[in-house]
Amino acid sequence: MAAAGAEPGADPAAGGVRFFCTAGRGLEPFLMREVHARLAATQVEYISGKVFFTTCSDLSSMKKLKSAERLFLLIKKQLPIAAPSLRKGKILNEMQRLINDDPGSWLKAISLWKKLLEQDTKGEKVSQRDTNPLKRKVFENEIVSAKKLKLEEIHEESHREDQRIRLPEDSREQGGALTGADGLQEQGLQNDLVKAADTQSQEDVTFRVSCRCSGNIGKAFTAQEAGKVVGIALMRKFGWKANLRNPHLEIFVHLSDAYSVVGIPLFRVPLASRTYIRTAGLRSTIAWAMASVAEIKAGALVLDPMCGLGTTLVEAAEEWPDVYYVGADVSDAQLRGACDNLKAAGLADKIDLLKVSVTELPLPSQSVDVIISDIPFGKKFKLGKDIKSILEEMERVLRVGGAMVLLLSEDHHRHLRDCGGSSIPPTSQGNITDPEMRTFLNPDKRSGTSDTASPSQKASSSQCPNRVVPCGSLVPVECFKVSLGKTDAFICKYKKAPASGPPPAGCHEPGAPPEMATLPESPRLQDSL
């Protein structure tokens with residue numbers, strides 16, 4: 001375990017390297033427990049939209065993260081620039097100090113960045129050499145096709161993102177400001193980054209800066225202005241050359257009222273852009289998060305009665321393959337898209353698709369172990385009778401003790417809340433027996449201060465009001481408020497109780513796959529600072 005308080009970009013031999021991932025708002029608790037489980041990460045902490053951690057894992061392991069948007073090597077994290085109390089010229093000086101005050105941390109980070117890319121490249125070459133030549137050629141062709149399709153989707157998403165990025169001057173403090181060309185990470189492939197690892201001197205490095213400004217900094221400076229200041233400081237300090245189109249290196253800077261963070265993106269294509277999804281539907285990170293709390297076990301029958309393009313089923317089958325999956329939908333177009341996605345992911349033999357209404361499922365009562373579903377957001381189904389009949393049919397086919405995970409709009413969530421019922425318990429840590437882990441998850445107890453609530457607990461206690469029960473035998477377990485971009489939604493989990501008697505075992509302790517059983521309550525960045 002790395003020593004507490006390790007510096008950003010610490011050497012692997014000294015206990016691990018410091019990274020951070022960006023995540024959709026509300027997905028921080030999923031990402032925190034995922035880095036614990038997959039990467040054996042330590043010193044895990046979060047701020048809104050970002051999770052910081054230390055690990056000795058290689059890049060190939062970190063590529064498997066499912067709830068993250070992008071992965072960065074951390075260069076700096078520090079207290080924010082006090083914009084309201086400083087003149088504009090002083091703020092510019094503070095930005096330059098991000099580089100000039102500690103050039104050693106920059107050089108160390110660049111050295112680590114090169115080392116990580118070299119190790120990743122060697123690992124890929126060994127893997128390819130051990131693969132049968134004929135199979136490798138087929139595999140490479142599939143990868144090329146998948147990348148072409150994914151890049152087309154990325155460019156379309158980048159165009160939509162640009163439309164959201166262009167905010168009026170008076171809204172920067174709310175939504176932040178991004179550089180107009182912030183799509184660099186979505187252009188090209190990892191090979192360009194590997195070339196940078198071969199550069200022999202600092203003067204050979206080409207770079208560009210992607211800057212985000214929010215809060216008071218966003219009022220005083222545009223992202224382009226801040227990025228220009230940082231870029232000029234880097235050129236003067238290290239002799240790097242600016243290249244906005246195809247640089248070796250991208251520097252990411254986020255300046256806000258809460259923190260200043262600087263990092264290096266490790267992959268140009270975001271982790272959230274799945275090569276095995278041909279036609280995007282629900283955001284893959286949201287779909288995976290839903291599946292991760294559904295208690296999917298080997299041999300189970302998992303149903304998505306409104307599967308759409310099948311994104312949730314594909315994400316579940318990629319993670320838990322030894323399961324029987326069934327998807328249903330009434331739309332021919334949606335089912336065709338789902339079929340294409342299953343073929344692209346190589347899962348056509350693992351997932352069955354049915355054209356059937358969610359209110360008339362051709363399944364025996366209590367025959368399904370897990371139900372996962374993205375409930376349409378009020379456009380196709382009304383909030384009254386239709387939603388009630390949908391949930392009654394899901395309840396019928398779900399076995400006693402089975403789990404149901406729903407993605408609900410705010411309107412649906414409010415409607416179900418108003419139906420009355422018992423309360424949703426907060427995320428429980430009562431099943432943690434290891435004293436060291438308890439201390440880690442509750443760091444403030446060591447100093448006698450009050451606990452810091454994790455994002456999941458805030459969602460369960462404040463975002464999910466006390467009475468949320470859709471049907472009599474469905475007992476609420478946990479609830480997470482997550483962002484879908486322009487709107488918010490709720491991931492709500494229920495377990496089916498017997499018709500009479502106490503609820504099924506574990507229904508008041510949020511469940512998850514064994515390797516991800518507890519949502520860690522990690523310290524916030526502001527506390528560590």
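Helices here are DSSP runs of H or I at least four residues long, and strands are DSSP runs of E at least two residues long, numbered from the N terminus. The model is predicted.

Q: Where is A40 found, and what makes its phi worth noting?
A: A40 is in the loop between α1 (28-39) and β2 (42-47). Its phi is near 50°, a positive value in a residue other than glycine.

Q: Why is A40 called exposed?
A: The relative accessible area of A40 is 57%. Exposed means over 50%, so A40 is called exposed.

Q: What is the phi of E295, and is this residue buried or exposed?
A: E295 has a positive phi of about 60° although it is not a glycine. It lies in the loop between α10 (284-292) and β10.

Q: Why is P103 called partly exposed?
A: P103 has a relative accessible area of 26%. The class of partly exposed residues lies between the buried limit of 20% and the exposed limit of 50%, so P103 belongs there. This residue is found in helix α4 (residues 103-129).

Q: Which residues does P103 touch, leaving out those up to four places away in sequence?
A: P103 touches K237 and F238. Contact means heavy atoms within 4.5 Å. The C-alpha atoms of P103 and F238 are 8.6 Å apart, and the two residues are 135 residues apart in sequence.

Q: How do you know how many disulfides there are?
A: A disulfide needs a pair of cysteine sulfur atoms within 2.5 Å. A search of the whole structure finds zero disulfides.

Q: Why is strand β4 called largely enclosed?
A: Strand β4 covers residues 70-78. Eight of its nine residues are buried, so the rest of the structure largely encloses it.

Q: What makes β1 and β9 pairing partners of β4?
A: Two strands pair if there are at least two bridges between them. Strand β1 (residues 17-22) has four bridges to β4, and strand β9 (residues 260-265) has six. Both counts meet the limit, so both strands pair with β4. The sense is antiparallel for β1 and also for β9. F19 has L73 in β4 as its bridge partner, and L74 stands opposite G263 in β9.

Q: What makes β12 and β15 edge strands?
A: Seven strands form an open sheet in the order β12-β11-β10-β13-β14-β16-β15, with mixed pairing. Strands β12 (351-355) and β15 (474-483) each pair on one side only. The twist averages 15° from one strand to the next.

Q: How do you know that β15 and β16 pair?
A: Nine bridges join β15 to β16 (residues 488-496), and at least two are needed. The two strands run antiparallel, and V475 stands opposite K495 in β16.

Q: Why is α11 called mostly covered?
A: Seven of the nine residues of α11 are buried. They are T311, T312, L313, V314, E315, A316 and A317. What covers them includes α10, β10, β11, α12, β12 and β13.

Q: What makes I251 and I296 stand out in the largest nonpolar core?
A: Of the 93 residues in this core, I251 and I296 touch the most other members. Helix α4 gives the most to the core, with seven residues. Not counting residues up to four places away in sequence, the contacts of I251 include I75, W106, V262 and I264. Another core lies apart, with 26 residues, among them V326, L391, L416 and L474.

How values were computed. Residues are numbered from 1 along each chain as its sequence is written. This is a predicted model: local features need pLDDT of at least 70, side-chain atom pairs count only at pLDDT 80 or more; totals for chains, interfaces and linings use all residues. Side-chain values use heavy atoms; hydrogens and water are left out. Axes are lines fitted to C-alpha atoms, for helices over the stretch in contact, and angles run from 0 to 180 degrees between N-to-C directions. Buried means under 20% relative accessible area, exposed over 50%, partly exposed in between (1.4 Å probe, protein chains only). A nonpolar core is a set of buried Ala, Val, Leu, Ile, Met, Phe, Trp, Tyr and Cys residues joined through side-chain atoms within 4.5 Å.
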